[in-house]
Amino acid sequence: MNPDAVVVGAGIAGLRCAMALADAGMRVVVLEAAPFAGGRASSWNDETTGLQVDIGPHVVSTEHRNFMAMLKRLGTAEQILWQRRPLITLHDSRGQLRMPSPRLPAPLHGLPLLPRALSRMSMRDGWSHLRIAWRAARLNERTLRELDVEEAHAYLREMGVRPAAIEWFWRSSMLALLNVPLEQCSAASMMRVFRLMLGRSGWHFGFPKLALSQLYVPGTCRAVVRSGGQVLFGARVRRLRVEQGRLVGVDLEEGHTIDSSRCVLALPPQEVAALAGESGEAALQPLATAARYFRPSPYISTYLWFDRPVTQERFWARTWTPQGLNTDFYDLARIRTSLAGEPSVIAANAIGPMARADWPDGRIVEQTIREVKEFAPLARQAHVVHARVHRTAMAIPQPRPGTEVLRPQPATPVDGLWVAGDWTDTSVPCSMESAARSGALAAEAVLEAAGRPQKLAIAAPDTRGFVRLFRAR
Ligand SMILES: Cc1cc2nc3c(=O)[nH]c(=O)nc-3n(C[C@H](O)[C@H](O)[C@H](O)COP(=O)(O)OP(=O)(O)OC[C@H]3O[C@@H](n4cnc5c(N)ncnc54)[C@H](O)[C@@H]3O)c2cc1C
């Protein structure tokens, strides 16, 4: 084949990287172990209804800037349905809270949210955030990483945040955004999210109007092929071939070898750990050790087809309770163009410790129906005509203490070998945005080494408005 570059993994990171290299005129071979592309953001056909379902429902935000730039390049950016108002609808034991999405400059954008929050917390709970808010405003990306040794729950207590506020706001929001309980979360990962909530206004959520993988898989694959490359499925890389500190090719599981002097591993940490560890190359052992430190955060995603519309809401989130199962809910009939006017199709995610691996599918479906009925009274008269449950062993790696500083840069000690993936050092939480940014960063590094430097990655977001004035220089 003799490609200019090999990209291993056809998830968002690999396809973003491969497209950028192809756009720069390289012949790229993408090697994907699965029979389809998309990885943790893939979609497939539900045989009963013919609907393309995703591995689990995904949401983007206006802060998914690299991911949106990728969609813009592919001509699919308008396939995101943006929701300006409400910012989010929350559901807790006391009912629904529709949170507004004010346009005031940061941090004033938080003020209109306060009355809603104070209906669930006392004034004292609210005031207990002053110290942590000041600390967040002072942080920059470098000082933030110093907090990686601390655990999020202990840090919140140390900053004086009162237990009621931790239980109502922090536990739910960090489970939804970072997928771990506060006791297992890095304070650095938590504060990265909080400083942007505080220091950036105007952000809101968006939802794919069609199957998630349709947004980016066909277009990126076409770009690779158009530039003389190929995307190969069922092509699991089993071994890296390294000679005298240089990458010379990769071996596939079924026996083929592909020679190449450039390779990007756009893979989850456990796969990088295995390939780097088994390469026999001493210089790659620190990368293997770092990658082994990352642990998976599982998801269980449930799809319910109702016989009628059951809600006016597109999207809502349940606050955390020990008895709860799902965190976020979506009515695809209010999001997908192909389902407009149809009965509700509710998709929901159970995240991390809430994804009860020991529950059989029937129990997951029953509990999900119960939770939908608690939110949407119309569902109490409705019938579920079809259901399916997807179990994902790793949605994202857990951002536990110590992981922020272990996220690797694209370059490795082996010439011609780079890494990408949501878990690498992108300065954004593991997500589709991190995956897209990592792919762009890896492509920049490959092109730079080839003597054709290009700027591809969009900078990670930073604080704005008045909050920016307090940031430590
Ligand atoms: C249910 C669910 C809900 C989520 N919700 C959101 C959300 O709302 N918003 C958001 O931004 N993110 C969300 N995420 C996270 C997001 O999907 C991931 O962060 C992102 O897709 C990771 O992309 P990636 O390219 O880094 O990795 P992957 O998608 O894991 O891609 C790696 C690819 O490499 C392949 N591969 C593995 N080993 C080999 C090998 N040896 N040889 C060849 N190929 C190999 C895999 O098959 C895979 O296709 C969610 C994830 C899940 C599962």
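**First stop: R200**

Select R200 and show what surrounds it: leaving aside its neighbours within four places in sequence, R200 is in contact (heavy atoms within 4.5 Å) with E63, R65, A106, H109, P461, D462, T463 and R464. Before going on, note that this is a predicted model, where local features need pLDDT of at least 70, side-chain atom pairs count only at pLDDT 80 or more, and totals for chains, interfaces and linings use all residues. Residues are numbered from 1 along each chain as its sequence is written, and side-chain values use heavy atoms, with hydrogens and water left out.

R200 sits in the loop between α9 (187-199) and β9 (205-208); helices (H or I, at least four residues) and strands (E, at least two) are DSSP runs, numbered from the N terminus. Is R200 buried or exposed? Its relative accessibility is 4%, so R200 counts as buried (under 20% relative accessible area; exposed is over 50%, partly exposed in between, with a 1.4 Å probe and protein chains only). Now zoom in on D462: the side chain of R200 reaches its backbone oxygen at 2.6 Å.

**Next: A117**

Jump to helix α3 (residues 114-118), where you'll find A117. With 11% relative accessibility, A117 counts as buried too.

**Then: helix α10**

Pick residues 217-226 for α10 and colour its buried residues: V217, G219, T220, C221, A223 and V224. What do they pack against? Show α1 (12-23), β2 (28-31), α2 (65-74) and β10 (230-232). Just after α10, stop at G228, which takes a positive phi of about 90°.

**Last stop: domains 1 and 2**

Colour by the domain assignment (bounds from an automatic or database source): domain 1 (5-41 + 216-294 + 400-449), domain 2 (77-82 + 205-211 + 296-397) and domain 3 (103-201). The centres of domain 1 and domain 2, taken over C-alpha atoms, are 32 Å apart. Their contact takes 8 residues from domain 1 and 5 residues from domain 2.

Together, domain 1 and domain 2 bury about 490 Å², 71% of it on carbon and sulfur atoms; buried area is the accessible area (1.4 Å probe) that two parts lose on being put together, summed over both.

Key: A polar contact is a pair of N or O atoms within 3.5 Å; within protein, one must be able to donate a hydrogen and the other to accept it, and residues adjacent in sequence count only if both atoms are side-chain atoms.
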